[in-house]
Each structure stands twice: as structure tokens, then as C-alpha cells.
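Biologist: Please take me through this model feature by feature, giving the general idea and then the case at hand.

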Amino acid sequence: MPPTPRQGHVVVAPDKFKGSLDGAEVAARIAAGIRRAAPGTEVRELPVADGGEGTLAAALAAGFSRVPAKVTGPTGLPVDAALAVRDDTAVVELAQASGLARLPGGRTAPLAAGSYGVGQLIAKAVSLGVKRIVLGLGGSACTDGGAGMVQALGVRLRDADGGELPPGGAALRRLAEIDLGPLADALGGVEVVVACDVDNPLLGPRGATAVYGPQKGADAEDLVVLEEGLTRFADLVAGATGRDVREAPGAGAAGGVGFAALALLGSTMRPGIELLLDLLGFDGAVRGARLVVTGEGCLDAQTLHGKAPAGVAAAAARAGVRVAAVAGRLELSEPEWRAAGFTAAIALTDLAEQPGESMTRAAELAELAGEQLAARLLPR
């Protein structure tokens, strides 16, 4: 006899568990656990992202079409990347072209890594006839202020001898002239919306170099070089455009790609998770639900400042739906995660029998977490 359908569905909307499972895999495993513990419950899988790595995968899981593209990687070698397209909207994930995961052999190149491939993905999207591009920032290997991105779209960056600057943030110290050239035509009136979960300015102690440079392999001397290059770039961009956005929140995102997007692409910037939830149709998916389950690799203090689970919790609360969280690790106290809107929270580390199993057995444990949440929150 088939199980009796239950009133109200469950939405499973997690971000990736970095290093172990992508968002779609997390959603599938949690959903499987819920179905086993609560037969007859309709479970809708809607993996999410906050604009960084995983943004493309979330769009594809939501029904966007994958468009492959061979582009220039962060160190100049070609890489196989992709973008996602549905109707008149394209999703471009910076990490696809210029992410840390695209570094050959994982070897960092803090002074020379560039964002040229990101511009190539944008150009590919424009060529497909879209009207809007959602540009997800995060996981960048470069600190070039987005110089490579705009060079790929026709901007000329020349040194004092008239030569075109090579890739990388270090080269920007030699910048003498900016020619915006065919940039406006290259974009063809397409709106670029940046999905970003940080509010760092371009320069200074909270800027792209100081905060994120060390994560990309920059030592103390490199940091000085990169800051000088970004400062020079910001000065000349202000002169060429008549506006200075170096202090704008998010200008320091992705090694300063946020700066170039704001200053030269005319982009608007929105919190990544809010933009992605709109794009993925979360409000429609949660309507009539009785529970939402979200999560990420580590539920910690950063989660509370614009990360995907907090955004999902806020959106579910507006719809009057309870939210539970599954995380690889749980570093928030119960009062903290309850104050963030979660009815329940389960960590894979608490389900593991041995240290390290939360990574090596993440899929199995995520399924077990879904089963336990269902048993607790979906009474028969």
C-alpha cells in the first residue's frame, strides 16, 4: 500500500559542503533521509549558493542550461569552463575561469594571476543574446582589480611606452593610460548584476589585497606590490570615467573584480544569496511548505553575515515556514543558531563515529541527518 501523502512539502535548499559535496549532492542526500523517515512527504530539492563557487551548479540544478566555453585561466592556460542560461538571463561564475581551483597544480600566482577568462565568459553570454548577466564573485585566484576582465571586453591598458599591460595585479603599477574603447558596444546594453557576499572596499586594511591577498599566496612584499597596482588602477579609472568607486562596499570582492564591475561595467551589486534565491525561484518553492532544510560545510559566525543558510532562513521566515540546518561542523551555540531563525541544527561531526568522517562519509551522514530531522520535525 503506497504511503499516504502528507500536507505541506519540504524544501531542501543547502549550499555546498566545501571539500566533500556540492550543493546538489547535499540536497539529494538530505532529501533521501527525509523520504525514508517520512514516507509520503513531498521533498523538493533546491540547492543554493551565495554568489561564489557553486553558483553555476545551483543555477543548473534549477533548470538553467549549461553552455560550455573554453577560456583563459588565471595563469594564461586555457580551461574548460561553462555558464548557465535560461530565457534572457545568464549566470557567470568567476571561479569557473579565474578561481583558485583553476590554478595548474594548485600553485598560486599572486602577482601574475588574472581575470581575463571572466571577461570572456561575459562576452560569450552577450553573444547568446541575453539581457541580464548575473556575475557571481568568490573563490578568485587573482588580485588584478578586474583589469583582465575588462581587457577581454575591449579595454586597453597601456604602459608609458604604449604597450599593452600583461596579466596580473603587479603589472598595474606600470599603468599609464586607459582606453575604454569598444567596452560599451561589447556589452550591448546588457545589464550586469553582481552577486556578492562581502562588503570590502578595494583598498586599505579591509581591502582586496590586505584581507584576501594572503589566501592567494601573497607574502608581505607581494601585498605592497598589489596594493600599489590597485591604487594606480583606481586612480586612472577615476580619471577615465569621472567617478571613483574604490570605497564602494564590495569593490574589493574577488581581488577587486567587484571594483571593475561597478566602475566600468556599470553593474549593480546585491547580496549574493538574495539574488540567487530570486533567480532560483525560492519564494515560489517555499509557498505552502511545512519545513525548509538548509546548510553548508560550517555553520559559524560568518554564516550570520550574508552566507547562504542565513539568507534561506530569512526568506523562509518571511514565508512563515520553519527552517532547520545541516552542517558539516556547527560552531554556533544553540542560542546563536536559534536567534538566526533555525528550529533545529545537526552537525555531521556529531553523527560521525571517528574524527574526519564528517568529510569522508559526508554523503552517508547527510542522509542520516535528514532522517533525524524528519523524525524530529515531521511527526507521523
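Modeller: The lining of the largest pocket takes its largest share, three residues, from β11, where strands are DSSP runs (E, at least two residues) and helices likewise (H or I, at least four), numbered from the N terminus. This is a predicted model, so local features need pLDDT of at least 70 and side-chain atom pairs count only at pLDDT 80 or more, whereas totals for chains, interfaces and linings use all residues. Residues are numbered from 1 along each chain as its sequence is written, and side-chain values use heavy atoms, with hydrogens and water left out.

Biologist: How should I read that pocket, and what volume does the largest pocket have?

Modeller: On a 1 Å grid over the protein atoms alone, a pocket is an open set of points with protein on both sides within 12 Å along at least five of seven lines, a cavity is a set where a 1.4 Å probe fits but cannot get out, and lining residues have an atom within 4 Å of a point. Volume is the space filled by probe spheres set on the points, which are joined across faces, edges and corners. Here the largest pocket has a volume of about 1,200 Å³, and of its 39 lining residues K18, D50, D197, Q302 and K307 are the closest to its centre. At least two lining residues come from each of β10 (268-271), β11 (291-299), β12 (323-330) and α15 (357-360).

Biologist: How many cavities of 30 Å³ or more does the structure hold?

Modeller: The structure holds one, and the largest cavity contains about 40 Å³ of space. Its lining consists of D15, K16, G23, A24, P47, V48, G54, A57 and A58, with α1 (23-37) and α2 (55-61) as the elements that give two or more residues.

Biologist: Which residues form an aromatic pair?

Modeller: Rings of Phe, Tyr and Trp (its six-membered ring) pair if their centres lie within 6.5 Å, and planes under 30 degrees apart count as stacked, over 60 as edge-to-face and the rest as tilted. A search of the whole structure finds one such pair, formed by F233 and F259 in an edge-to-face arrangement, 5.8 Å centre to centre with 70° between the planes. The pair links distant parts of the chain, since F233 lies in helix α8 (residues 220-241) and F259 in helix α9 (residues 257-264), 26 residues apart.

Biologist: Are F233 and F259 buried or exposed?

Modeller: Both F233 and F259 are buried, meaning under 20% relative accessible area, against over 50% for exposed and in between for partly exposed (1.4 Å probe, protein chains only).
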